[in-house]
Amino acid sequence: MKRALPGPNAESQARRAGTQIGGLQGCRKGVRARQVRATDPEFAIAISGGGFRASLAALGVLRFFASAGLLTNVRTVSSVSGGSVTNALFALSYPTIALQGFTLEAFDAVVTTPLLSRVTGKSLTRKLIANSWRAIGPRTRTDVLAKALDHWFFHGATLSQITTDCDFVFNATNLHTSVRFGFQQYRVGDYVIGFTAPNPKLRVAQAVAASAAVPGVFAPVVLRGHEYPCDPGYPPRLVDGGVYDNLGIEPLNRLRSAYSVVMNAGGVFRVGKFGRLPIVGTLSRSSSTMYRQTTALRMRALVDSFQAWETAMSAGDVPPPTARRGVVFALATSFTQVSPAWRSPSRPEDPDPIHLQDLPTSFSRFKWEDAIRLINRGWWLVGASLSTYHPDLLHALPALPPIPTGTS
């Protein structure tokens with residue numbers, strides 16, 4: 001039987017760290033966020049959780065930037081859970097893509113092809129079940145998940161191996177501090193305990209597994225081997241980043257000059273077959289309601305910040321500090337006034353986006369047809385959003401690019 005780690009509540013931990021939960025001031029010590037090379041225009045992308053559904057839709061988002069000649073302008077990518085799989089593949093392949101001029105062909109060769117082949121070829125869920133016996137002794141199901149992700153996608157790469165030419169953020173939730181815990185190539189931590197340089201042995205697969213460790217399915221990741229500037233003496237206990245923010249937008253808040261592109265590929269309100277059970281059903285409904293509410297509030301706040309920027313600029317005023325530029329959309333987002341220039345047979349919209357939104361939130365095998373539709377849906381949504389609200393950013397409107405052959 002595993003020994004439970006002692007853990008303070010968020011308030012007591014914050015007091016020991018010298019800060020206040022809910023206040024404006026956190027731990028000011030430690031590794032500060034870096035300013036990556038500025039480009040014009042500059043884009044910051046946030047990719048939600050949602051299993052392989054989110055991974056595939058995120059692939060479409062990045063393919064749009066490559067097909068529009070804007071991939072080099074992406075300076076930050078923040079992700080949660082399933083979105084972190086695509087984010088990590090892009091991060092590790094970034095130098096290769098950059099060396100070949102950030103072309104779509106280069107991106108497809110090292111990101112699209114390996115991800116699509118794995119997701120449509122085999123079930124990661126079945127692999128986890130087959131290896132569940134390995135979660136015996138000190139190892140957990142989350143360790144098994146990290147090992148499987150490493151075998152499928154990341155091949156032992158460490159977090160510190162990721163280039164610093166673009167900022168990549170993998171988001172988890174720290175149960176000890178109740179805030180977002182971020183993994184970046186040059187720092188790990190949260191605003192309560194502070195940020196420190198990652199252990200040189202910390203693998204990308206471990207960061208992605210922590211980002212995807214859904215409570216109740218996977219055990220929390222106890223991240224040892226780090227000393228934080230405001231460390232109260234307890235190692236972080238990390239679960240799915242979606243527990244705190246399933247959109248992964250918090251790292252984008254400091255990037256006022258960037259255009260934020262936020263994709264919500266999360267699930268819909270559903271309690272499943274346990275919904276009628278007296279206790280389990282109530283807990284499931286409560287959890288689903290809180291998730292739905294927090295995500296809706298974050299999306300509404302994003303829209304408000306975009307509108308505040310537009311209002312200030314149209315009036316010739318300086319935008320307020322909370323104002324931002326950008327777009328936010330979900331898989332089933334409908335456009336009643338999409339730019340006429342975007343409407344074209346070469347850019348077809350999916351006829352049934354509700355079907356895509358209703359696909360399971362899992363790491364199971366996806367049908368080839370559904371995978372292609374998810375990729376193309378992510379691509380279409382970015383193009384429709386930017387061409388409608390920020391048409392000046394697109395020098396030319398690309399046609400929907402075909403998926404490279406040989407990936408089925």
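Which residues does Asp350 touch, not counting residues up to four places away in sequence? They are Leu356, Arg373 and Arg377, where contact means heavy atoms within 4.5 Å.

This is a predicted model, so local features need pLDDT of at least 70 and side-chain atom pairs count only at pLDDT 80 or more, while totals for chains, interfaces and linings use all residues. Residues are numbered from 1 along each chain as its sequence is written, and side-chain values use heavy atoms, with hydrogens and water left out.

Stay with Asp350. Asp350 sits in the loop between strand E10 (325–330) and helix H10 (353–357). Helices (H or I, at least four residues) and strands (E, at least two) are DSSP runs, numbered from the N terminus. With 13% relative accessibility, Asp350 counts as buried. Buried means under 20% relative accessible area, exposed means over 50%, and partly exposed lies in between (1.4 Å probe, protein chains only).

Now turn to the rings. The whole structure holds 17 aromatic pairs. Rings of Phe, Tyr and Trp (its six-membered ring) pair if their centres lie within 6.5 Å; planes under 30 degrees apart count as stacked, over 60 as edge-to-face and the rest as tilted. One of the pairs is Phe90 with Phe107, edge-to-face at 5.9 Å centre to centre and 65° between the planes. Phe90 belongs to helix H3 (residues 82–99) and Phe107 to helix H4 (residues 104–121), so this pair ties together parts 17 residues apart in sequence. Phe90 is buried, at 0% relative accessibility. Phe107 is buried too, at 0%. Phe153 and Phe154 form a tilted pair, 5.8 Å centre to centre with 45° between the planes. Phe153 is buried at 5% relative accessible area, and Phe154 is buried at 2%.

Ring pairs also build a cluster: Phe43, Phe64, Phe65, Tyr259, Trp342 and Trp379. The charged end of Arg347 sits over the Trp342 ring, 4.9 Å from its centre. Elsewhere, the charged end of Arg187 sits over the ring of Phe195, 3.7 Å from its centre. A charge sits over a ring if NZ of Lys or CZ of Arg is within 6 Å of the ring centre and within 35 degrees of the ring normal.
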